[in-house]
Amino acid sequence: MVTFAIAITILFFLMRAAPGDPLARVSEGRALAPAELATLRARYGLNQPVVAQFVSFVRGLTRGDLGVSIEYGRPVTALLAERLPATILLGGSVLVLNFTVGLWLGVRQAVHRGRREDRWLTTVSLVGYAMPSFWLGLVLAWLVGIKLRLLPAAGMHDPLLGADAGIAAHMVDVLRHLILPVLTLSVVSIAATMRYQRSAMLEVLSLPYVTTARAKGLPEREVTWRHAWRNALFPVITLFGLWLPILVTGSVFVEAVFAWPGLGSLAASAVWGRDYPVLMGASLLVAALVVAGGVLTDIAYAVLDPRVRLA
Amino acid sequence: MTSALASVKAAWRNPRGRIGAILLLVVSVAAIVGPWMLPDPLAQPDILGGSLPPGPGHPFGTDQLSRDVLSRVVSGARISLSVALLAVGLSATIGAAVGMVSGYWGGLVDAGLMRIVDGALAIPRLFILLLVLAVWEQVPLPALIFLIGATGWFATSRLVRAEVLRLREEGYVRAAEAMGARRRHVLFRHLLPNTMGPLLVAATLGVGDVILLEAGLSFLGLGVQPPTPSWGSMVLDSREVLVSAPWAGIFPGLAIVLTVLSANLFGDALRDAVDPRSI
């Protein structure tokens with residue numbers, strides 16, 4: 001909570017400290033009469049001293065009021081709420097992929113440590129980690145979407161699909177649109193998961209109880225998954241907290257590239273339109289998510305590991 | 001200092017680390033020498049006959065304004081690498097200063113500084129930068145470098161603080177204190193040199209992050225401003241001609257991947273050398 005409060009304060013003063021006029025874009029194209037400017041300033045509260053602005057900003061926050069979008073003329077909270085589901089769908093799918101395929105690959109690497117498979121997987125994941133998500137997204141959109149025409153290259157729905165097409169058809173449609181963005185975000189983020197899982201697994205595999213399990217004559221598969229992996233899953237949970245910022249940052253680019261109607265593309269278009277209230281709202285939401293993710297991680301850790309107590 | 005030098009040598013003995021270092025050197029040399037040997041990256045010799053595919057004369061093709069893509073990629077390397085080096089240097093300096101003050105003074109100073117760091121870490125760096133940069137119509141390059149550097153030290157300060165907390169209890173530090181050494185002496189003679197190893201690792205891995213970040217900001221139009229060639233803005237420009245001239249976007253992206261990958265390979269090897277137990 002304290003952390004979040006500090007984050008809010010930092011965000012607010014950062015924006016006010018930046019050299020430039022938030023109204024520069026509104027008045028673009030024509031010179032505003034001083035009277036008009038004064039009206040606008042009064043409307044956005046820009047004529048008050050900074051501290052007073054901060055107080056009214058925090059007061060609005062407690063009421064769930066994040067102000068009005070300059071571009072859309074609608075409350076920021078409504079815009080954010082509208083865009084949230086698409087981002088949850090995208091981020092959730094990436095998470096699921098990371099925590100299934102990513103963990104599985106990490107375990108395999110640890111089991112085959114130092115062999116060709118391990119080395120190849122490490123190299124491939126490092127290359128993925130070095131890729132800018134917007135570039136990978138564009139390349140995939142071009143190759144798969146435009147050249148091969150296998151999947152749609154943008155959006156979330158096929159505009160030609162009628163409302164009467166049935167739920168199943170609509171779901172397949174959304175899924176087909178989902179594949180490329182999910183693939184892009186997964187490729188750039190899976191390296192961290194694999195790496196964590198690999199090292200956690202290596203540590204566990206060197207413990208005596210694993211040797212005991214082997215000595216009992218248990219099949220290797222059983223030793224790996226039932227004995228070792230259970231304890232190696234643990235450190236990976238901490239990854240979740242580190243992971244949200246990567247996901248959120250990546251989704252700004254991936255959603256912008258694929259025109260996915262989520263929070264990320266909202267933030268990107270707020271950047272292009274210089275829509276500060278929306279940008280501020282999105283940043284606040286992200287900060288809240290990151291703090292909540294950290295708290296959840298701590299709780300999960302305490303629940304799963306009896307040695308840890310919540311302070 | 002010697003420990004940092006020893007880690008660099010150890011990283012060089014690591015095959016992956018060596019590949020990373022060599023690739024990084026190649027990119028740096030290309031960035032320094034290349035622009036003198038290649039056509040002007042801003043020249044638009046034939047504005048109606050742009051988007052030539054890769055071929056003789058233009059190994060990477062030309063973009064929609066008939067500019068040579070190879071020249072632009074190489075000039076972009078200059079921009080990207082200098083932004084990365086300067087910004088990372090700034091982050092490392094601030095991070096080391098804050099971490100040392102926080103770890104050595106302790107008490108209220110430490111509590112206050114670390115709370116601020118916690119708050120700042122809750123906001124992904126990209127969003128902090130978006131908020132500040134979006135106010136600017138045209139971002140001057142020095143300001144961009146300053147801002148990227150000023151937003152990258154939070155994790156580093158934590159790292160240095162942890163290191164200082166550990167070192168503070170070491171015998172030689174206590175001995176120096178017991179002999180009446182001044183704070184400045186302890187900080188600069190004993191603590192700082194011993195935090196150089198972890199600091200160097202963080203900085204090297206930070207180079208890759210900053211290159212990706214700068215490319216991302218430029219892709220959103222908030223980073224390096226046209227017509228200065230930068231990898232991110234080249235990819236952005238290529239969006240319009242993705243179908244007819246994909247090479248205009250593919251090559252700058254490959255340059256990003258290559259550079260970030262080599263910095264990370266070298267950084268990983270360094271980390272293994274400094275702290276073999278870490279992931």
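## Burial in chain A

Of the 311 residues in chain A, 37% are buried (20 or more other C-beta atoms within 10 Å of the residue's own, with C-beta atoms placed from the backbone). This is a predicted model, where local features need pLDDT of at least 70, side-chain atom pairs count only at pLDDT 80 or more, and totals for chains, interfaces and linings use all residues. Residue numbers start from 1 along each chain as its sequence is written, while chains are lettered from A and ligands numbered from 1 in the order in which they are written.

## The fold of chain A

Chain A has 12 helices and zero strands (DSSP runs numbered from the N terminus: H or I of at least four residues for helices, E of at least two for strands). Take the contacts (C-beta atoms, placed from the backbone, within 7 Å) between residues at least 6 apart in sequence: in chain A, 72% of them join residues at least 24 apart.

## Chain B

Chain B comes out with 11 helices and zero strands. Its C-alpha atoms fill a box of roughly 75 × 45 × 30 Å along the principal axes. Buried residues account for 50% of its 279 residues.

## Where the chains meet

The contact draws 45 residues from chain A and 40 residues from chain B. On the chain A side, the helices giving at least two residues each include H1 (2-17), H7 (167-205) and H12 (276-304). H1(A) makes the largest share, with nine residues.

By class, that side of chain A has 38 nonpolar, five polar and two charged residues. Here nonpolar covers Ala, Val, Leu, Ile, Met, Phe, Trp, Tyr, Cys and Pro, charged covers Asp, Glu, Lys and Arg, and the others, Gly among them, are polar.

Methods. A residue is buried if 20 or more other C-beta atoms lie within 10 Å of its own, exposed if 12 or fewer, and partly exposed in between; C-beta atoms are placed from the backbone. Two residues are in contact if their C-beta atoms, placed from the backbone, lie within 7 Å.
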